[in-house]
Amino acid sequence: MRTVGDVYRVIDGFAPFCTQEKWDNSGLLVGDMSMPADRIYISLDISNESVAAAKKAGAQLMLSHHPVIFSPLKKLVPTDPVWQLAAANMAAISVHTPLDVAEAGINSRLYEMLCETLCLGAVTDTIGGSGFGWVAESRNVWTASDLAKKLQEMLGCQVVRYSSGKQPIHRIALCSGSGGSFLHDAIAQGCDALITGDVKHDCWYTARNAGISLFDCGHYHTECMAQELLAERLKAVFPDTEILCDTQGDPVSYVWGGGCK
Ligand SMILES: [Zn+2]
């Protein structure tokens with residue numbers, strides 16, 4: 001029998017839990033190490049929908065990128081996914097910032113996805129302290145609008161929000177998830193663009209004032225590759241374990257039109 005502890009140790013081998021940020025809450029968050037894990041369900045986030053899908057598939061362990069318990073729990077109600085997990089006797093492991101900064105983690109996968117089409121050279125620098133974002137130079141030069149169109153195609157998102165800085169764009173920083181707080185770092189390192197998700201309002205002004213192009217491809221679409229990445233790593237070690245990936249997709253719906261500039 002495969003146990004939750006077996007899975008935890010494999011993850012710890014390539015994305016050590018001890019590397020998590022102080023504010024993070026990665027690790028085994030529901031259940032204990034001795035619980036069975038012969039069928040594993042992987043999702044970017046643990047929602048009631050993904051718990052229901054995992055339960056239907058007979059999974060014993062849910063593995064997620066974002067922690068199912070992040071802020072301190074002050075009460076636990078039946079509509080909380082944590083309640084749903086416990087009621088289904090399912091364990092949950094989350095591997096948030098360790099996977100963000102791992103050498104073969106999410107940013108590595110994002111870089112690989114963009115590398116060929118954007119003609120990126122080797123990674124030369126990182127941004128965000130522990131290395132949340134990577135910097136590489138493109139052998140092509142880009143306008144902001146051309147780069148936005150390419151990102152939309154490559155990442156499969158419905159919308160790329162962007163603002164144009166000095167062009168052409170050559171030196172590019174990329175950071176999966178919500179990397180707007182690293183914008184100052186990208187500016188300080190002479191980047192022409194930052195590609196990330198979940199950009200807050202004030203960041204757009206910071207970018208415009210500094211003349212850097214900024215691209216918001218969405219939190220989900222810059223991190224959903226975590227599911228595949230984790231599934232590949234576990235399949236390589238546990239070929240006989242059933243590993244399923246969530247199919248709920250982007251939790252956000254979009255509508256847009258020609259009414260606003
Ligand atoms: Zn994230």
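Colleague: Is the crossing of α5 and α6 right-handed or left-handed?

Modeller: Right-handed, for α5 and α6. Bear in mind that this is a predicted model.

Colleague: Noted. Within what distance do the axes of α5 and α6 come, and at what angle do they cross?

Modeller: The two axes come within 10 Å and cross at roughly 115°. Helix α5 covers residues 106-115, and α6 covers residues 144-155. Angles of 65 to 115 degrees count as roughly perpendicular, so α5 and α6 fall in that class.

Colleague: Which residues make the contact?

Modeller: From α5, Leu-110, Met-113 and Leu-114. From α6, Leu-151, Met-154 and Leu-155. By class, the contact of α5 with α6 has six nonpolar residues, no polar and no charged.

Colleague: Staying with α5, how many of its residues are buried?

Modeller: Eight of its 10, so α5 is mostly covered. Leu-110 and Leu-114 are among the buried ones, and both also take part in the contact with α6. Ile-106, Asn-107, Ser-108, Arg-109, Tyr-111 and Cys-115 are buried too.

Colleague: Other pair now. At what angle do the axes of α1 and α9 cross?

Modeller: Roughly 115°, with the axes coming within 11 Å. Here α1 is residues 4-14 and α9 is residues 225-237. That makes α1 and α9 roughly perpendicular to each other. Their crossing is right-handed.

Colleague: And which residues of α1 and α9 meet?

Modeller: Val-7, Val-10, Ile-11 and Phe-14 come from α1. They meet Leu-229, Leu-230, Arg-233, Leu-234 and Val-237 in α9. The contact divides into eight nonpolar residues, no polar and one charged.

Colleague: Change of topic. Where is the place of His-66?

Modeller: In the loop between β3 (61-64) and α3 (81-87).

Colleague: Does His-66 count as buried or exposed?

Modeller: Buried. Its relative accessibility is 12%, and buried means under 20%.

Colleague: What does His-66 touch, leaving out residues up to four places away in sequence?

Modeller: Leu-44, Asp-45, Ser-94, His-96, His-219 and Glu-223.

Colleague: Which of those side chains has a polar contact of 3.2 Å with the side chain of His-66?

Modeller: His-219. The polar contact joins the two histidine side chains, His-66 and His-219, at 3.2 Å.

Definitions and conventions
Residues numbered from 1 in each chain as written. Predicted model: local features only at pLDDT ≥ 70, side-chain atom pairs only at ≥ 80, totals over all residues. Heavy atoms only, no water. Axes fitted to C-alpha atoms, helices over the stretch in contact; angles between N-to-C directions. Helix = DSSP H or I, 4+ residues; strand = E, 2+ residues; numbered from the N terminus. Parallel < 35°, antiparallel > 145°, perpendicular 65-115°, else oblique. Left-handed = near helix turned anticlockwise from the far one by under 90°. Contact = heavy atoms within 4.5 Å. Nonpolar A, V, L, I, M, F, W, Y, C, P; charged D, E, K, R; others polar. Buried < 20%, exposed > 50% of the residue type's maximum accessible area, 1.4 Å probe, protein only. Polar contact = N/O pair within 3.5 Å; in protein donor to acceptor, adjacent residues only side chain to side chain.
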